[in-house]
Amino acid sequence: MTQQFRIETDSMGEVKVPTIALYQAQTQRANDNFHFSQHKMPIAFIQALAYIKQTAAITNAQLGLLEGDIAAAISDAAQSIIDGHHLDHFPIDVFQTGSGTSSNMNANEVIATLASTQLGTIVNPNDHVNMGQSSNDVIPTAIQVSSALSIQHNLLPALEHLIKSLENKRQQVGQQVKTGRTHLMDAMPITFDQELGGWQYQIEHAKQAIEHSVKAVQALAQGGTAVGTGINADPRFASAFADNLAQVTRSDFSVSDNFFFSLSSQDAIVALSGALKTNAVAIMKIANDLRWMNSGPLAGIGEIELQGLQPGSSIMPGKVNPVIPEAAAMAAAQVMGNDTTITIAGQSGNFQLNVMLPVVAHNILESIELLSNSATALADQAIDSFKVREDNLKQVLDKNPILVTALNPVIGYLKAANIAKKAYAEGRAIIDIAEQETDLDREVLERLLNPAKLTQGGLAE
């Protein structure tokens with residue numbers, strides 16, 4: 001089918017635009033120029049742009065700068081995008097002009113077209129939809145708004161869900177004693193409550209860091225306009241805009257204390273990305289521990305059995321793999337890579353503007369999405385459903401020569417080391433060798449070498 005076109009005009013002249021497109025000339029030029037990837041700007045970012053345009057129109061109308069009917073039409077058009085409509089009219093590649101001007105104009109043009117249709121009169125993308133704004137403050141603000149809302153609505157609830165999953169599992173299996181491991185080698189015993197408690201604290205720690213970092217992200221660039229001076233924006237605009245947006249989104253948005261900081265740097269997002277990387281480290285640690293603990297079922301550690309979700313091999317019948325921890329570990333690796341990209345992009349604040357804004361938006365939002373989904377998947381498809389293999393735990397624990405550590409204060413390190421070596425060499429329980437090699441009677445040894453008691457720490461009594 002032959003595509004139909006119309007002619008649109010901008011400051012550079014005429015350009016052919018598909019007849020069905022809601023965007024206009026500047027979006028088309030960008031769409032013609034940028035073919036670097038298959039990545040389009042994230043939906044959350046586009047919806048943040050719509051929030052900005054809606055709030056700006058409402059604010060300018062309140063300040064007496066924009067006619068009420070035009071502001072209402074812009075607001076309605078923006079709301080339709082927020083609600084998930086017309087998203088296929090945002091075609092621009094992530095790898096575009098570093099200010100994100102193309103994406104800002106894309107939003108301006110789509111919203112102007114929708115508003116014009118509603119009003120039956122022309123709503124101008126620049127003069128009306130972009131009133132009191134510049135791409136240079138809109139795009140940083142869109143990064144901030146989309147990141148803050150994605151964390152508020154997706155990531156923090158997902159992390160809390162994982163925390164609750166770990167807490168529930170601790171209550172179910174926490175009293176089970178298992179062999180601890182350092183350097184992947186047998187060490188003193190611990191309980192599942194202690195091991196899962198360490199995981200839980202990692203997630204809680206990461207969550208607190210994210211909550212702290214997002215506060216700086218909520219101090220918005222909007223109002224700085226072109227270079228941070230606020231040229232062409234009413235002096236009352238920035239404060240009123242932040243108040244209106246906070247009310248609409250139910251998020252604690254405020255005005256930046258320094259627009260030159262907010263336009264020329266992405267330091268707040270760099271810091272947030274660092275907190276997300278810490279979260280990714282915790283996710284990978286938990287995922288890898290689950291994989292090791294599930295390994296086997298015969299030739300591995302085999303302490304737990306993860307829920308079987310799908311066949312694990314195209315050639316080996318009956319093989320089942322730890323697919324959720326593997327996927328979560330890969331997602332965590334991607335987040336770590338995204339943080340490197342954001343760090344490099346954050347260095348690209350040249351004088352009054354950072355010029356890697358679109359790639360910052362893409363990576364920070366991908367990181368938030370990956371971590372949200374990883375936390376939920378680990379909770380629902382790994383933590384909640386794994387079973388403890390008590391027989392394997394006991395068999396390994398009874399023969400663990402490292403239990404002799406508890407005898408150090410009683411018989412000394414060297415004597416204990418000899419007992420451990422002999423127990424390992426003969427494949428016998430440590431208590432049997434200790435009874436043979438020391439003057440301690442069986443009752444005393446059972447008390448000193450009780451694995452459950454050893455998980456409580458302290459000195460031998």
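Colleague: What should I know about the model before we start?
Modeller: It is predicted, so local features need pLDDT of at least 70 and side-chain atom pairs count only at pLDDT 80 or more, while totals for chains, interfaces and linings use all residues. Residues are numbered from 1 along each chain as its sequence is written, and side-chain values use heavy atoms, with hydrogens and water left out.

Colleague: How many residues does helix α8 have, and how far does it reach?
Modeller: Helix α8 covers residues 237-249, which is 13 residues. From first C-alpha to last it reaches 18 Å, close to the 18 Å expected at 1.5 Å a residue. The expected span is 1.5 Å times one less than the number of residues. Helices here are DSSP runs (H or I, at least four residues), strands are E runs of at least two, and both are numbered from the N terminus.

Colleague: Which residues of α8 are buried?
Modeller: F237, A238, A240, F241, A242, N244, L245, A246 and T249. Buried means under 20% relative accessible area, exposed over 50%, and partly exposed in between, with a 1.4 Å probe and protein chains only.

Colleague: And what covers them?
Modeller: The cover includes α2 (43-62), α6 (135-173), β5 (219-220), β6 (254-255) and α9 (259-264). Just after α8, R250 takes a positive phi of about 55°.

Colleague: What lines the largest pocket?
Modeller: 21 residues, with P42, I43, A44, S150 and L365 nearest its centre. α2, α6 and α12 (357-383) each give two or more residues. α12 gives the most, with 7.

Colleague: Which residues line the second largest pocket?
Modeller: M185, D186, Q395, V396, K399, N400, P401, I402, A423, Y424, G427 and R428. Its space is about 310 Å³.

Colleague: How many cavities are there?
Modeller: The structure holds 3 cavities of 30 Å³ or more. The largest cavity has a volume of about 50 Å³. α11 (323-346) gives the most to its lining, with 3 residues.

Colleague: How many aromatic pairs turn up?
Modeller: A search of the whole structure finds 2. One of them is F192 with F386, tilted, at 6.4 Å centre to centre and 35° between the planes. Rings of Phe, Tyr and Trp (its six-membered ring) pair if their centres lie within 6.5 Å; planes under 30 degrees apart are stacked, over 60 edge-to-face, the rest tilted.

Colleague: Where do F192 and F386 sit?
Modeller: F192 is in helix α7 (residues 192-217), and F386 is in the loop between α12 and β10 (387-388), 194 residues apart. F192 is buried, and so is F386.

Colleague: Last one. Is M293 buried or exposed?
Modeller: M293 is buried, with a relative accessible area of 4%. Its place is in helix α10 (residues 267-294).

Colleague: What is M293 in contact with?
Modeller: Leaving aside neighbours within four places in sequence, M293 is in contact with K178, F192, E195, W199, I301, G302, E303 and I304. Contact means heavy atoms within 4.5 Å.

Terms used:
On a 1 Å grid over the protein atoms alone, a cavity is a set of points where a 1.4 Å probe fits but cannot get out, and a pocket is an open set with protein on both sides within 12 Å along at least five of seven lines; lining residues have an atom within 4 Å of a point. Grid points are joined across faces, edges and corners, and a volume is the space filled by probe spheres set on the points.
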